[in-house]
Amino acid sequence: MSASPSPSLATAAPTQRDLLDFVRRTAGDHELIASLPLDPEGRTWVRLEGPGGSEAWLIGWPPGTGTGWHDHAESVGAFLTASGELKENSLAARLPADGWKTLELSEDVDRERTLAAGKGRAFGQHHVHEVLNESTSEHAISVHAYYPPLPQIRRYSRAGAVLRLETVERPEDWQ
């Protein structure tokens, strides 16, 4: 009696490394990057098909724009600058997932990195950061991917060492 083949296993969820590989490859698609309409006033974006059911975005950043402090809840992610230069400020601290409105941060949690064209990074769940185009004259373009697709984005305000949860956005807020 021969054994029947086992049913195929579901495709594994993309890892942070998979997402970073995807944003790197996508940022190398010069035709795609050049096709993004750029607005002198506000960010522009196009949704992309990410690997393994992930959510992906191509984003244009006019000079002087940024995201403000936020996280991506339970999603892991990666982003890479395709053109121009972006700055990421982040917190090297794991925040509670729920049940708080205001936190006092310790002095050693701030991290800063500059991401020139071709540079990117991956991050885990609850990664709190802000991304900025500090140029006064040049647009930047970046590629982002998240898995699972973003269930929410929590937005924060920051005054010195105090981080305050301001709003929670759901997918219908940015579609």
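Some ground rules. Residues are numbered from 1 along each chain as its sequence is written, and side-chain values use heavy atoms, with hydrogens and water left out. Because the model is predicted, local features need pLDDT of at least 70 and side-chain atom pairs count only at pLDDT 80 or more, while totals for chains, interfaces and linings use all residues.

Start with the sheet. Five strands form an open, antiparallel sheet, in the order E1-E2-E10-E4-E8. Strands are DSSP runs of E with at least two residues, helices are runs of H or I with at least four, and both are numbered from the N terminus; two strands pair if DSSP finds at least two bridges between them. E1 (44–49) and E8 (120–123) each have a single partner strand, so one side of each has no neighbour in the sheet.

Inside the sheet, E4 (residues 76–83) pairs with E10 (residues 140–147) over seven bridges, in the antiparallel sense. Leu 80 has Val 143 in E10 as its bridge partner.

Helix H1, residues 16–27, lies across E1, E2, E4, E8 and E10. Its angle to E4 is about 20°, taken between N-to-C directions on a scale from 0 to 180 degrees, with axes fitted to C-alpha atoms, for helices over the stretch in contact (heavy atoms within 4.5 Å).

Now the histidine. Where is His 72? In the loop between E3 (69–71) and E4. His 72 is buried at 2% relative accessible area, buried being under 20% with a 1.4 Å probe, protein chains only. Leaving aside neighbours within four places in sequence, its contacts include Phe 123, His 127, His 129 and Tyr 146.

Note on methods
Buried < 20%, exposed > 50% of the residue type's maximum accessible area, 1.4 Å probe, protein only.
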